[in-house]
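Okay, thanks everyone, let's get going.

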Amino acid sequence: MVPEQDVLTVSSIWARLEQYAQQHRHEHLADMFEADKERFQHFSQSDCGLLVDYSKQRLNTDILSLLVQLADERHLGHWIECLFSGQRVNCTEQRSAMHWRLREPSTTGASPEVHDQLDAMGAMVDRILTGQWRGSQGDVITDVVNVGVGGSELGPLMAAAALHSSMPATGKRPRLHFASSMDGSQISQILHDLDPRTTLVLVSSKSFTTIDTLHNANTARAWLARAFGGESEAMMRCHFIGISSNAARMTDWGIQPQNQLMFWEWTGGRYSLWSAIGMPIALTVGMDGFRDMLAGAHAMDEHFRTRRWAENIPVLLGLVDVWNINFLNITARAVLPYDGRLKHLPAYLEQLEMESNGKSVSRAGKPLEYNTCPVIWGEVGPNAQHAFFQLLHQGTLPVACEFLMTARRYTEQMHSASAKELEGQHRLSNANCLAQSRLLALGERALDPKVALPPYKRYRGNQPSTTLVLDELSPRTLGALLAMYEHKVFVQAVIWGINPFDQWGVEMGKLIATDMLDVLADPDSASGLDASSMALARHIAGSSL
Ligand code: F6P
């Protein structure tokens with residue numbers, strides 16, 4: 001049975017954390033490092049190919065102990081059991097959330113339907129990668145266009161980019177393209193450069209009703225039909241694969257049954273890259289690589305299920321975020337990968353975290369009296385240093401930062417002509433990552449005290465950060481990292497007493513947009529609109545204001 005959640009702010013532990021925040025609010029990280037020479041040892045954990053250093057977060061062992069007690073008080077252990085036993089933890093949609101089942105090894109004998117779909121996906125991937133899958137004119141497929149949005153794009157896009165250099169040299173893989181935006185800007189640009197004869201379209205949509213995706217898919221379909229002198233059974237068979245939880249809608253749209261890959265209602269869209277939605281990832285690293293990614297995620301699942309909270313990476317990072325958000329009032333977090341292969345990680349986490357925990361009503365339907373998910377954004381770290389690090393160092397707002405880097409890189413290019421230069425660039429990037437997190441934490445306390453600085457050159461420091469170091473960026477470590485984030489989100493949701501698995505906030509906008517289409521078609525017939533919407537609609541429609 002899913003435990004009921006009492007109201008958080010009456011908790012005695014919550015009150016003690018508030019007292020601690022008041023007492024320690026102005027304590028500086030420089031002093032914390034001075035006071036505890038073992039601070040890194042006390043505030044870091046390693047497992048699954050990840051090193052997580054949260055010693056630059058503004059907390060001490062007493063606060064961490066209270067946060068761990070808070071996790072117990074919020075029945076975190078029971079909630080984890082509910083999650084992994086398939087209980088309906090998604091209370092508003094009465095669904096379970098079993099993305100963890102997608103990466104359980106087949107040896108457990110669990111989820112035969114999951115492994116059937118994985119095998120079906122693998123068969124298609126192998127046919128494409130070996131050139132056996134042919135276009136309707138007999139050509140080998142050279143380009144695959146993934147048409148999908150949100151969780152049907154962000155995970156595959158991010159992981160395919162992250163693992164692009166992981167592909168075994170043997171396979172000649174197709175070029176991947178991603179079209180998501182409903183305005184047609186991406187699909188038009190992509191199709192402009194492609195050859196219809198050698199193009200395969202993946203229509204990825206859990207619901208198969210998302211208008212962004214259906215319009216992009218229709219545009220691709222018309223492009224192919226024009227190229228082939230009209231639509232045909234061969235065109236649909238050779239150039240479209242559908243990936244959805246709704247077979248009937250795929251069939252209605254024209255995806256042939258043998259080209260349909262399924263996943264399930266119990267997989268949330270933003271948790272679905274482990275399913276056939278992850279096909280672009282498999283086309284990048286091969287099915288063995290994709291299975292390695294699943295194995296890495298499964299290893300993190302076991303870590304999350306078995307480690308005590310004080311050694312449990314998703315629990316620790318979830319609690320640290322709660323401390324920053326609810327007690328230090330730091331409501332922004334910057335995700336800063338110092339490895340350009342993770343350039344899409346910030347956008348992926350924006351959906352995973354803000355669509356999961358951007359909630360203001362408890363599971364019991366009560367308005368919350370405390371903050372939940374922060375604003376999350378990010379950029380490749382070295383580039384962000386030329387964009388918004390000024391604000392991080394000398395602005396007025398507290399921002400928590402998350403640095404990511406890889407210890408080993410360019411091992412596969414070690415014999416290339418540019419190996420020495422690339423290794424030097426990797427080292428330079430990591431040096432900048434260390435320098436920035438140090439300066440953000442210690443401020444001018446990291447600089448030569450003998451040098452007097454004018455006000456505009458002062459560095460206040462005390463901006464908290466966590467640094468995650470991947471041994472190397474491989475399918476397995478990426479799988480562990482992403483599962484870690486999924487479970488961190490769940491930990492926060494349990495502490496806050498919210499449901500992380502629904503997203504009602506994105507539904508109404510879609511409905512209003514449909515009404516707005518009618519307004520744009522005939523602004524003068526519109527009624528009941530605010531003056532702004534009315535004037536803008538008229539302006540766009542070219543009618544008089
Ligand atoms: O943003 C709302 C949302 O439902 C996401 O949760 C989902 O990932 C995305 O739209 C796409 O949905 P679908 O995969 O059903 O097309």
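So, one definition to start: helices (H or I, at least four residues) and strands (E, at least two) are DSSP runs, numbered from the N terminus. And what you're looking at is a predicted model, where local features need pLDDT of at least 70, side-chain atom pairs count only at pLDDT 80 or more, and totals for chains, interfaces and linings use all residues. Residues are numbered from 1 along each chain as its sequence is written, and side-chain values use heavy atoms, with hydrogens and water left out.

We've got 20 helices and eleven strands. The radius of gyration, over C-alpha atoms, is 25 Å, close to the 24 Å from the globule rule (2.2 Å times the number of residues to the power 0.38) for 545 residues, so the protein is as compact as a globular protein of that length. Along the principal axes, the C-alpha trace spans about 75 × 70 × 55 Å.

Now burial. Buried means under 20% relative accessible area, with a 1.4 Å probe and protein chains only, and 54% of the 545 residues are buried. Contact means heavy atoms within 4.5 Å. Of the contacts with a separation of 6 or more, 74% are between residues 24 or more positions apart.

On to the cores. A nonpolar core here is a set of buried Ala, Val, Leu, Ile, Met, Phe, Trp, Tyr and Cys residues joined through side-chain atoms within 4.5 Å. The largest one has 115 residues, and those touching the most other members include Trp323 and Leu478. Helix H18, residues 475–496, gives the most to this core, with 14 residues. There's also a second, separate core of 23 residues, with Val201 and Ala225 among them.

Which residues does Leu478 touch, not counting those up to four places away in sequence? They're Met158, Ala159, Ala162, Leu163, Leu342 and Leu473.

Next up, Leu349, in helix H14, residues 345–357. Leu349 is buried, at 0% relative accessible area. Leaving aside neighbours within four places in sequence, Leu349 is in contact with Arg333, Val335, Met354, Glu402 and Tyr485. Leu349 and Leu482 are 133 residues apart in sequence, yet 9.1 Å apart in space, C-alpha to C-alpha.

Last one: Leu224, in helix H9, residues 211–227. Leu224 is also buried, again at 0% relative accessibility. Beyond residues up to four places away in sequence, Leu224 touches Pro196, Val201, Met235, His239 and Phe240. For His239, that's 15 residues apart from Leu224 in sequence and 8.4 Å C-alpha to C-alpha.

Terms used: Buried means under 20% relative accessible area, exposed over 50%, partly exposed in between (1.4 Å probe, protein chains only).
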